[in-house]
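Me: I am new to this structure. Please walk me through how to read its features, one at a time.

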Amino acid sequence: MNRAINKVAILGSGIMGSRIACLFANIGVEVVLLDIVPKELNDKEKARGLKLDDPRVKNRIVTHSFQSTLKAKPASLYHKSFGSRITLGNFEDNMKDISECDWTIEVVTENLDIKKIVFEQVEKYRKDGTLITSNTSGIPIHLMTDGRSEDFQKHFSGTHFFNPPRYLKLLEIIPTSKTDPEIIDFLMLYGDLYLGKKTVLCKDTPAFIANRVGIFAILKVIEVMQKLDLNVDQIDKLTGPVIGRPKSATFRTSDIVGLDTMIKVANNLYDALPNDEGRETFKIHETVGKLEEKNWLGDKTKQGFYKKTKNEKGETQILTLDLKKLEYNPKEKVKFATLETTKLIENLNERFKVLLAGKDVAGEFYRDSFYSLFKYVTNRIPEIADEIYQIDDGVCSGFGWKIGPFETWDLLDIKKSIGEMEELGYKPNQWVFDMLESGGESFYKIEDGVRQYYQISSKSYQAIPGAEGLIILDNIRKNNVVWSNSGASIFDIEDGVLNLEFHTKMNTMGGEVVEGINKAISIAEKDFRGLVVGNNGANFSAGANLAMLLMYAIEQEWDEIDHMIKQFQNTMMRVRYSSVPVIIAPHGLTLGGGCEMTLHADRVQAVAETYIGLVEVGVGLIPAGGGTKELTKRVSDGIETGDVELNALQNAFMNIATAKVATSANEAFDMNILRRGDGISINKDRQLGDAKNLAIELAESGYTKPTQSTDIRVQGKTGIALFMAGVNGLRMGYYISDHDVKIARKIANVMCGGDLSYPQLVSEQYLLDLEREAFLSLTAEKKTLERIQAILQGQKPLRN
């Protein structure tokens, strides 16, 4: 049957409930958010003479929870206006409203008896055939449906979101034996397509997949840490970005989540898993127990494994806990020989081989912790999942790992590593030996551009379900590369469309990337019908390669800088004025030059989580790759739609002058970076496919090369005076520096067309020339060079 989700009820408005409500509001779904009614008045309500039956009292809990979510950072909503899609209510007055909902999600406290009471109420009002799910993180799903109707049981499942649900991609789907298979299929697809999640089918076992494996991995790290006499700073250095894990690594993550939460999950697992061979790992270490006794739980209690304080100068200082003495000391600088050897290895896959082969204590730590994890996950199939990719997907999407346990193991020599594992007492499950004996050499492989996994039940390789239609560049890297250099690669993604991928550090844009852009357009214009610029990495582009610019500026090679900027401008204009449609696919960080390229696209297919803006002011410069010109042009183009001309231009000016960054694709529409006709992909995995379809749509609708504009309206001296009045006010209030004022004047000069006596019409090239002149003059400023040097050294530039 066709099933549409137009309205959702969320029962429970705590941190997770309110954030899940925002998740659905973000995609345009109407939400009813309900919670319990207070049993007594608080002091403020008494002072106002309110009674318990007053709606303001009855909705106090849900209102307070929701408002707290709206104030929290990072934001749960893509756009603040989306909060209007959420209606607040309470269980007494508004439970009846779920009769109008297509999906009801229970998110109340983790207590089975309470959940059963809620479900009893739900059954009174729920419409037959509608979905009913629970967000429990650990209560057995099958126990919740006792006493419920057949229709309720058929449409019931666990749907475990991870916190914060906007940013963590995992959605675990946990059906019962009575869940209709069509409902399972729908939830798996809806979570992927509409909510942008990595949906993972789980079995109804303690902590499901991600927490079962992830908590084991964390606790094993602590166990090995004690064994090898390592400290908190050392462990977080070893278990962070260097192995493809979040910056928060192990102990900072615990502080963020809350040590009490981790202990609760671990204790539950210890009690629920009497036959788990790794059960003792879930037993909380005595030292960790002492932290709980002291209420040193992390951020929520202002101290945990780390503590933020002030030194004698009043500066913020982060202290680290000595787990032996239970005292806080200044963070230590960590060095290991193994880590030193991997500093220049950008590729994570190549880095892993070196890390696990290390001869020092770091290598010993990696082998002990990873080999035990490898053994543990081999024994979890078929207990918690039937397929290996479900474990990798769960841990990666739930804990922010770049590669999962089986993917990590694939990077090593599996046969050789098994011998080392056995020496350490970590012999894997028999099915791994069976795989090797049958000729399988890895857990995953790519066959004809399709990624396959080893299926234990059939002892054969199968395509990973759900990947149909996705464009994964690594899968076609071997056979579909048309051209490449050190910074970019051009792929044939079929149906007459090319894809250009950057692969410099942070995808910054230097000479090799500019060459790649021009080459991709030339090839597309000759033999293809469209071009997509995008990648599968974490970010689209962090902007220009500042190192080259700094070198030229220090050596006062002004002609070289002028040539470099002119070449970049010409390339951006070629993006806009080519004979084939060019689709830009921004996601993650899309800053500076990355934003300018987006501004010059025929169409944009952004991911919802796109952080985009013109940030050049932060390094003492102005956008000179056509960014300043393009926002000026867009204001001019929009005059006929009724915009108040100077106000609109001033908004654009302030966005550039303050280096404002949109924190979602939706906010980018407000900033005129995205426009009508541009698309948003909720699921990043689907972005390149969506962008390709957009390119085909434009090509098939009769795409014609645009003509350059010669009628951009600029304000001249009047506009400059208006803008600088505001800037000077900020300077008088000491909000900005003299150098900031100088930069702002340069921006105003470009956007207003220079020293013109009255408003006039100018060409794009006229504004590009002004951009380049302003940029060149700022590169000669000492303050600008200081800011660039600070950025390149990983420091925050001084705004002086």
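Reply: Start with a definition about strands. Two strands pair if DSSP finds at least two bridges between them. Keep in mind that this is a predicted model. Now the case: aspartate 322 stands opposite glutamate 327 in E11.

Me: How many bridges join E10 to strand E11?

Reply: Four bridges join them, and the two strands run antiparallel. E11 covers residues 327-330. The hairpin of E10 and E11 has four residues between the strands.

Me: How do I read a sheet?

Reply: Strands of a sheet pair through backbone hydrogen bonds, either parallel or antiparallel. Here, an open sheet of three strands has the order E12-E13-E14, and its pairing is antiparallel. The edges are E12 (444-447) and E14 (460-463), each pairing on one side only. On average, neighbouring strands of this sheet are turned by 40° against each other, direction ignored.

Me: What joins strand E13 to E14?

Reply: Four bridges do, between antiparallel strands; E13 spans residues 450-455. Take one partner: glutamine 452 is bridged to alanine 463 in E14.

Me: Let us turn to the interior. What should I look for?

Reply: In soluble globular proteins, nonpolar side chains tend to be buried together. In this model, the largest nonpolar core has 112 residues. Tyr366 and Phe443 have the most contacts inside this core. Helix H9, residues 210-228, gives the most to it: twelve residues. Apart from this core lies another, of 81 residues, including Ile523, Ile656, Met751 and Val762.

Me: Which residues does phenylalanine 443 touch?

Reply: Leave out residues up to four places away in sequence. Then the residues touched by phenylalanine 443 include Ile388, Phe406, Trp409, Trp431, Met435 and Tyr461. Gln452 is also among them, and you met glutamine 452 as the bridge partner of alanine 463.

Me: How do I describe two packed helices?

Reply: Two packed helices are described by the angle between their axes and the distance between the axes. On the H9 side, the contact includes Ala210, Val213, Gly214 and Ile218. On the H17 side it is made by Ile391, Gly394, Val395 and Phe399.

Me: Which residues of helix H13 are buried?

Reply: Thr287, Val288, Gly289 and Leu291 are buried in H13, which runs over residues 286-293. Their cover includes helix H12 (259-272) and strand E10 (316-322). After H13 comes asparagine 295, with a positive phi near 65°.

Me: How many disulfides does a search of the whole structure find?

Reply: A disulfide is a covalent bond between the sulfur atoms of two cysteines. The search finds zero of them here. For cysteine 101, the nearest cysteine sulfur is that of cysteine 22, 16 Å away. Cysteine 101 is buried, at a relative accessible area of 0%. For cysteine 595, the nearest cysteine sulfur belongs to cysteine 752, 20 Å away. Cysteine 595 counts as buried because its relative accessibility is 0%.

Me: Is lysine 80 buried or exposed?

Reply: Exposed residues are those over 50% relative accessible area. Lysine 80 has 78% relative accessibility, so it counts as exposed. Look for lysine 80 in the loop between helix H4 (60-71) and strand E3 (86-90). From lysine 80 to asparagine 539 is 459 residues in sequence, and 24 Å in space from C-alpha to C-alpha.

Note on methods
Residues are numbered from 1 along each chain as its sequence is written. This is a predicted model: local features need pLDDT of at least 70, side-chain atom pairs count only at pLDDT 80 or more; totals for chains, interfaces and linings use all residues. Side-chain values use heavy atoms; hydrogens and water are left out. A nonpolar core is a set of buried Ala, Val, Leu, Ile, Met, Phe, Trp, Tyr and Cys residues joined through side-chain atoms within 4.5 Å. Buried means under 20% relative accessible area, exposed over 50%, partly exposed in between (1.4 Å probe, protein chains only). Contact means heavy atoms within 4.5 Å. A disulfide is a pair of cysteine sulfur atoms within 2.5 Å. Axes are lines fitted to C-alpha atoms, for helices over the stretch in contact, and angles run from 0 to 180 degrees between N-to-C directions.
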